Amino acid sequence: GASLGGSVGRRSVAMLRPSQAAKFIKRFDAYPRAEEHLIRKTSTGALVSVVGIAMMLVLGLAELRLFLTPFTVTEMRVDVKGGELLPIHLNLTFPALPCAVLSLDALDLSGKHDVDIVANITKTRVAPNGAVLGVQESSEKQQQPQHGLSVTQQLGLEDALLSLLDASQEDNAEQVAELREHLHAHEGCNLAGRLEVSRVAGNFHVSVHSRSYFVLQQVFERTSAINVSHTIHRLSFGELYPGMVNPLDGFVRATSARQGDAEAAGTFKYFLKVVPTEYSYLDGRTQETNQYSVTEYFIRSRDEEGALPAVYFLYDLSAITVNIAERRRSVGHFLTRVCAVVGGTFAVTGMLDRWIHRLFVSMGA
């Protein structure tokens, strides 16, 4: 009998142990639930709940967009490149000067000097209303002095020089007539294309050096008052990467001078500091390009006697390379921010609901 009673007692203790464990675990419940009859639902609570859900959706989508959008990390190091060429992309418009008189020249510290560059450069004639009149063909008149060699062999040195002088005068007359016609029609010019220069300090400039000073004197009333107003549609030292800004893109500089007014005419100089840049994409691709900063300076013709107005771009290279790499935020970072959004919204809507309820209760009292 005693053994039977003892076995029954042990079984009852064993059955009580799970319930005691459950009671012990329930002590840690941070979200106790009230009885159904103690819960009161209100229309203001429903409105606050709808607003809270909408807030969570909007903020959650914003966090998802932030997670899917890469961010960039920037580092700097010493530039060790050498022997490479520096690409220059340009697109300039001169509304007051015809293409027949404009020349693009380049000069650098290595001693290289290119005059009237036509390779990879397109000169487009532009009407005053912006309409395209056609592409300016490169002049072949520079080759005419070569004919003097054959004339010398046939007629002698004296006759050859006289023939060249007559040809030069005739050629100058043709150039003067052509330029006057373009100026009377108020033609402008667009220069667009690509240059490749050595990676050393230098400059490239647009001027009226494509014609002789004798011709310019006959065409323009005062050569020191040539109007070099211009628009820089694009100026870059390499291809663009996402978010890149070229400070001179869309830059407009227009003097109030008419042709012959030296008080307002002058030379524009842009001092550029070129910074080598390497951009790394998420997929592993790497793009090498260059950023730049700019400082502008203007010299009036009256302050620089004897000089022809022009537009200069003087550049120098930085010794520091900027590395920009795309990165993506971690999943843990995204989940943490989503939890913060959900928890914060519940906390704010809960406080708002209690304040509204107390307000209605006080008004009813």
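Analyst: Let us start with a term. A cavity is a set of grid points where a 1.4 Å probe fits but cannot get out, and its lining residues have an atom within 4 Å of a point. Please keep in mind that this is a predicted model.

User: Which residues line the largest cavity?

Analyst: Its lining is made of Ala106, Leu107, Asp108, Lys112, His113, Asp114, Glu196, Val197, Ser198 and Tyr315. Two or more of the lining residues come from each of strand E3 (103–108), strand E4 (113–114) and E7. The space inside is about 60 Å³.

User: What classes do the residues of that lining divide into?

Analyst: There are four nonpolar, two polar and four charged residues. Asp, Glu, Lys and Arg count as charged, and the lining includes Asp108, Lys112, Asp114 and Glu196.

User: How many cavities of 30 Å³ or more are there?

Analyst: The count is two. The second largest cavity holds about 30 Å³, and around it are Glu63, Leu66, Phe67, Arg329, His333, Phe334 and Arg337. Helices H2 and H6 are the elements that give two or more residues to this lining. By class, it has three nonpolar residues, one polar and three charged.

User: What makes a pocket something other than a cavity?

Analyst: A pocket is an open set of points, while from a cavity the probe cannot get out. Helix H2 (43–68) and helix H6 (331–364) each supply at least two residues of its lining. Among the lining residues are Gly45, Val48, Ile53, Met56, Phe346, Asp353 and Arg354. The classes there are four nonpolar, six polar and two charged.

User: Why is the pair Asp79 and Arg199 called a salt bridge?

Analyst: The cut-off is 4 Å between a side-chain nitrogen of Lys or Arg and a carboxyl oxygen of Asp or Glu. For Asp79 and Arg199 the N to O distance is 3.9 Å, so the pair meets the rule. Asp79 sits in the loop between strand E1 (71–78) and strand E2 (85–94), and Arg199 in the loop between strand E7 (188–198) and strand E8 (202–207), so the pair ties together parts that are 120 residues apart in sequence. Both Asp79 and Arg199 are buried. By this rule the count comes to 10 salt bridges.

User: What lets such side chains pair at all?

Analyst: Side chains of opposite charge can pair when their charged atoms come close. Arg194 and Glu196 give another case, at 2.9 Å from N to O. Asp283 and Arg285 also form a salt bridge, with their closest N and O atoms 2.8 Å apart.

User: Are Asp283 and Arg285 buried, partly exposed or exposed?

Analyst: Exposed means over 50% relative accessible area, and buried means under 20%. Asp283 has 55%, so it is exposed. Arg285 has 46%, so it counts as partly exposed. Arg194, with 31%, is partly exposed, and Glu196, with 43%, is partly exposed too.

User: How do you know whether Ser207 is buried or exposed?

Analyst: Its relative accessibility is 2%, which means that Ser207 counts as buried. Ser207 is found in strand E8. Leaving aside neighbours within four places in sequence, Ser207 is in contact with Val101, Leu102, Ser103, Asp105 and Ala310.

Notes:
Residues numbered from 1 in each chain as written. Predicted model: local features only at pLDDT ≥ 70, side-chain atom pairs only at ≥ 80, totals over all residues. Heavy atoms only, no water. 1 Å grid on protein atoms, 1.4 Å probe; cavity = no way out; pocket = protein on both sides within 12 Å on 5 of 7 lines; lining within 4 Å. Helix = DSSP H or I, 4+ residues; strand = E, 2+ residues; numbered from the N terminus. Buried < 20%, exposed > 50% of the residue type's maximum accessible area, 1.4 Å probe, protein only. Points joined across faces, edges and corners; volume = space filled by probe spheres on them. Contact = heavy atoms within 4.5 Å.
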